[in-house]
Amino acid sequence: MANIVIDRIRKSFGAFQALKEVSLTINDGEFVSLLGPSGCGKTTLLRIIAGLETSTSGDVRIGDRSIIGLVPKDRGLAMVFQNYAVFPHMTVYENVAFGLRMQKADDARVKAQVEKAAGLLHIEPYLDRYPNKLSGGQRQRVAVARALAVEPKVLLMDEPLSNLDALLRLEMRTELKTVLQSAGTTTIYVTHDQTEAMGLSDRIAVMHNGVVEQIGHPVEIYNHPATRFVGGFIGNPPMNFIKVPVSNGQVAAGAEQLATPKDVGNEIVLGLRGEAVELAPLPQGLEMKVRVAEPMGSHLLLTGSIHDQPVRVILPASETVKSGDTIGLKLDSKRITWLSPESGKSFPAVLA
Amino acid sequence: MTQNRPWIPYLLILPSVAFLALLFVVPLVQTIWLAVSDNGVPSLANAERMVTDINFTRSVKNTFLLTIVVVPVQIAIALAMGTMVAKVGRGRETILWIWTIPLGISDLAAGLVWLSILQNTGYFNSLLFSLGVIGRQASWLSYQTPVALFIAIAVAEIWRGTAIVMVIIVAGLNQVPKEFKEAAEIFGAGPWTRFWRITLPLIRPALQSALILRTVLAFEVFAVVYALGGRNFPVLVGEAYNWQNQNQNYSVAAAYAVLIMIISLAATLIYLKALKVDPERLP
């Protein structure tokens, strides 16, 4: 069993706290992304797990065995680097075989494992070549094959797709998912790209300023962000946050009254996904002043304001709204996230 | 702009080409001619006179011996220095600066520094005397102590000439992204394996440059030897100097010069062949 327990890991660089007591549990065979903007500590956390960086305090356990004091090679993990780190002076075959050679595996096993990994990543035709003759995508395949060839208990990936162009990234993403699903390896995947994290992960840990703001299933994180940061970081356009007055436990959205969580003050922040609305006639709908309307083909993107606060909403492409219009919106009450104006944290979902 | 005036690059390069042609190629041709002619007629008389001279065999032997001992030690020390300094965070620049100080000292001055340490009344003897190791002045640099003299010259040469190797090696090490070493570490390579299997192959071009430069310079060794050993330790350039200045025989001196050039070229070709750098296998 290769579940990973990250137990109150802290890391300081001088006065700067890169990680402030991060705790996470990753189940055996699970694919978890560490998602966040640059400088949030995600790569530092990954490097601590790998053993390339030391933590200031805290523990990391793989399958109930503490690995924090071990050198990287004794941790039973493999890693894929952002810039591939495929050895240029070795053929693709020797690159994929590197970990096995270090384990002093016999030639028959090396050959079998290299061929298996190469087959999974479709790099058999390049086994005799040197990496410099390969494209970025092919090199990344070599890096992944090298990692899988040792059949690691845990696979760490540090922004493995960010050096690829957009089209290739999409292709590799799909392929990675297929390969890793069949390998069943516990994977920790660092990325700043939310679509990558959403598409690949069983769970996502959203990190910000050295803390995990939320960990959960991609859809859960998307629909019910735990904090204002998570809502704003995930989704394109990001979640809208509208500060609205509360009276008698209710918020008026046009003619409709929305129930708020219990025990809130006079004001609450209404977190609204751009697509959780539909067009409604005024005055029943909530009034939105449209500043710019952008037909995107697949949908219509509207930028404007509600209660004089900036919002972005998405309507079906078939709607005809023009820049400068004032429109009414009906909100999908099930998809509203209520947040505290003071702490920025969300309230538990209100059961209708 | 230069597309309209394609001669501009050539014009700008011309002075340096003319300068080198005038002050390098012409003397080179003259020297070669001087070495292989006698009274304006092609002849091997000078070469013959060179090889039959009593000091010739010794100078060839000494020069090669010195090169074979000094260059590998310098490469090894430079690799160790470069690898160590790579681990240093703060103060790295200062350490490198101090390590490169010998670069700024002329070879004759370096020889004189070591002479002041190793001569009979030098610092080394004073130290040994004060420690009670020796009872009276010991001589290290005389013709009666050839081994000590050789070691003294080798040490002085290593002290003086390692910095340039280190500079080249450090530049080479800086070109190797740290991810290569990290990847090797993750996949189970220990420090020695990382050094031999990852670092060394990746700094091959720098290693090649350092070896060529240092070997060519080692065959030209002169001032340090002259300061420490005088004619007790004949080397090729020293012999050329003696034929030129003391014997006033420019032709035999030219023959020595040509011999040194041939040895240097041969060494360079051997390195280029042995340490062939395949651009395909570089980062």
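Let's start at a turn: strands β1(A) and β2(A) make a hairpin with two residues between them, and G14(A) in that turn has a positive phi of about 65 degrees. Keep in mind that this is a predicted model.

**Strands around β1(A)**
- Strand β1 (residues 4–13) of chain A runs antiparallel to strand β2 (residues 16–26) of chain A, with seven bridges joining the pair.
- Within this pairing, S12(A) sits opposite Q17(A) of β2(A).
- β1(A) also pairs with strand β4 (residues 57–62) of chain A, again in the antiparallel sense, over five bridges.
- Here I6(A) has V60(A) of β4(A) as its bridge partner.

**Two domains**
- Chain A is assigned domain 1 (4–229) and domain 2 (238–339).
- Taken over C-alpha atoms, the centres of these two domains are 39 Å apart.

**Where the domains meet**
- Seven residues of domain 1 of chain A contact nine residues of domain 2 of chain A.
- Together the two domains bury about 680 Å², with 50% of it on carbon and sulfur atoms.
- On the domain 1 side, Y222(A), P225(A) and R228(A) lose the most area to domain 2, together 70% of what that side buries.
- Across this interface there are four residue pairs in polar contact, but zero salt bridges.
- Helix α7 (residues 218–223) of chain A gives the largest share of the domain 1 side, three residues.
- By class, that side has three nonpolar, three polar and one charged residues.

Notes
Residues are numbered from 1 along each chain as its sequence is written. Chains are lettered from A and ligands numbered from 1 in the order in which they are written. This is a predicted model: local features need pLDDT of at least 70, side-chain atom pairs count only at pLDDT 80 or more; totals for chains, interfaces and linings use all residues. Side-chain values use heavy atoms; hydrogens and water are left out. Domain bounds come from an automatic or database domain assignment. Contact means heavy atoms within 4.5 Å. Buried area is the accessible area (1.4 Å probe) that two parts lose on being put together, summed over both. A salt bridge is a side-chain nitrogen of Lys or Arg within 4 Å of a carboxyl oxygen of Asp or Glu. A polar contact is a pair of N or O atoms within 3.5 Å; within protein, one must be able to donate a hydrogen and the other to accept it, and residues adjacent in sequence count only if both atoms are side-chain atoms. Helices (H or I, at least four residues) and strands (E, at least two) are DSSP runs, numbered from the N terminus. Ala, Val, Leu, Ile, Met, Phe, Trp, Tyr, Cys and Pro count as nonpolar, Asp, Glu, Lys and Arg as charged, and the others, Gly among them, as polar. Two strands pair if DSSP finds at least two bridges between them.
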